[in-house]
Amino acid sequence: MPSESQIPIASQGASKRFATRLALFYGATFGTLGTHLPFFTLWLKSVGIDASWIGIISAVPAVTRFTVLPFVTGAAGKRYSLRTILTVTAVATALGFAVIGTQYLPFAVLLAYAATCCLWTPMVPLTDAYALGGVARYGLNYGPLRLWGSAAFVAGALVCGLLVDIIAAQHLIWVIASVAALGAVASLGLQPLDRPKPPAAAVYGSNALLRDRGFLAIIVAAGLIQASHAAYYGFASITWQAFGLGGLTIAGLWILGVLAEIVVFALSPRFSLSPALLVVIGGLSAVARWLITAQEPTVAVLAVVQLAHGLTYGLTQVGTMGLLVRHVPGHMMARGQGYLAACGGIISSTASVVSGLVYANYGQRVYYVMAAMALIAATVMWLARHRLTAFSSESLPRT
């Protein structure tokens with residue numbers, strides 16, 4: 001990777017255009033997630049699909065994340081420009097959700113959804129890879145670019161939540177498809193980036209990253225910290241409702257977490273600690289967060305704990321992207337993002353299954369398992385920090 005003094009910085013106007021168009025695309029991409037995550041299953045139920053089929057269909061994104069996704073990101077980095085592949089995936093996603101909306105038989109929905117997810121799930125890691133290319137090319141910061149995705153996720157969820165009371169549930173799929181269509185339009189405005197070339201003195205094999213212990217430390221630590229949120233994503237609302245909290249209070253607690261995440265992304269250009277230490281702090285914050293959550297805290301304490309999401313998710317994400325942009329050669333960034341997403345998908349899906357089993361038997365004590373995962377992640381990153389700080393891309397295994 002070139003040093004900062006060697007990074008070509010474009011004009012201020014070009015930099016702003018890149019940042020604005022990427023922010024719009026991040027917004028549309030995460031806006032689709034914000035409408036899909038809370039309400040896709042409501043649509044499935046509304047068209048007569050039973051719970052067993054809903055469970056099978058809902059598992060599709062996680063499966064594609066560690067099966068198809070690495071091949072798509074690998075092909076994107078090897079054969080195509082990121083801008084081109086993002087446009088293709090965005091258009092295919094919008095068309096895919098439109099096709100899903102015309103299906104009502106469970107197996108037909110499953111097939112259409114699986115085909116859509118094969119190109120939809122790679123969009124976030126590919127967008128992050130594209131963003132990191134802009135970070136290097138235009139001298140930008142990742143956090144202020146990424147915060148628009150988090151803001152759009154909140155907006156999408158709120159808008160779709162309001163529409164639930166206005167339109168019939170069987171029409172929710174068209175809300176999701178419409179936001180996905182905005183992503184397809186926004187992708188057309190993305191600026192092309194020069195394709196990164198491998199250093200002249202070395203040729204890196206396709207599996208070079210997987211033979212590098214520093215890179216493995218990054219994806220394992222990040223995967224464990226983010227997967228430690230599995231019990232929170234799966235059972236927080238259920239638990240809070242059982243404690244007697246109303247829907248508005250539950251929604252407010254979720255929004256507090258995302259707002260804290262947005263603040264961290266906005267302030268991230270001012271952070272002076274190394275990316276490895278940011279990940280360590282994110283992991284240790286997760287340990288504290290889950291240990292407190294396991295104690296069945298009051299609403300006031302929960303509100304404070306929810307603000308820690310800015311550290312457990314946001315700071316971990318900022319640190320991870322900082323490590324990748326320093327550690328992974330530019331021409332391998334899409335592949336690196338794919339490996340990160342695949343590793344995270346494997347750990348997250350496993351953590352979701354385990355958390356379900358533990359929660360069924362031990363309730364809130366499931367968060368002790370989540371805390372243990374975060375502690376392991378912080379330890380892995382702490383032990384690898386010197387190697388990552390001293391890293392040069394020339395040390396990757398060659399073929």
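This is a predicted model: local features need pLDDT of at least 70, side-chain atom pairs count only at pLDDT 80 or more; totals for chains, interfaces and linings use all residues.

Analyst: Residues are numbered from 1 along each chain as its sequence is written, and side-chain values use heavy atoms, with hydrogens and water left out.

User: At what angle do the axes of α7 and α16 cross?

Analyst: Axes are lines fitted to C-alpha atoms, for helices over the stretch in contact, and angles run from 0 to 180 degrees between N-to-C directions. Helices are DSSP runs (H or I, at least four residues), numbered from the N terminus. Here α7 (residues 123-138) and α16 (residues 333-362) cross at roughly 140°, their axes coming within 9 Å. The pair is therefore oblique (under 35 degrees is roughly parallel, over 145 roughly antiparallel, 65 to 115 roughly perpendicular, the rest oblique).

User: Which residues make the contact between α7 and α16?

Analyst: Contact means heavy atoms within 4.5 Å. On α7 they are Pro-125, Leu-126, Asp-128, Ala-129 and Leu-132, and on α16 Met-333, Ala-334, Gln-337 and Ala-341.

User: Which residues of α5 are buried?

Analyst: Buried means under 20% relative accessible area, exposed over 50%, partly exposed in between (1.4 Å probe, protein chains only). Among the buried residues of α5 are Leu-82, Ile-85, Leu-86, Thr-89 and Thr-93. An α-helix has 3.6 residues a turn, so residues three or four places apart point the same way.

User: Is Gln-364 buried or exposed?

Analyst: Gln-364, in the loop between α16 and α17, is buried, at a relative accessible area of 9%. Leaving aside neighbours within four places in sequence, Gln-364 has contacts including Phe-243 and Tyr-359.

Note on methods. Helices (H or I, at least four residues) and strands (E, at least two) are DSSP runs, numbered from the N terminus.
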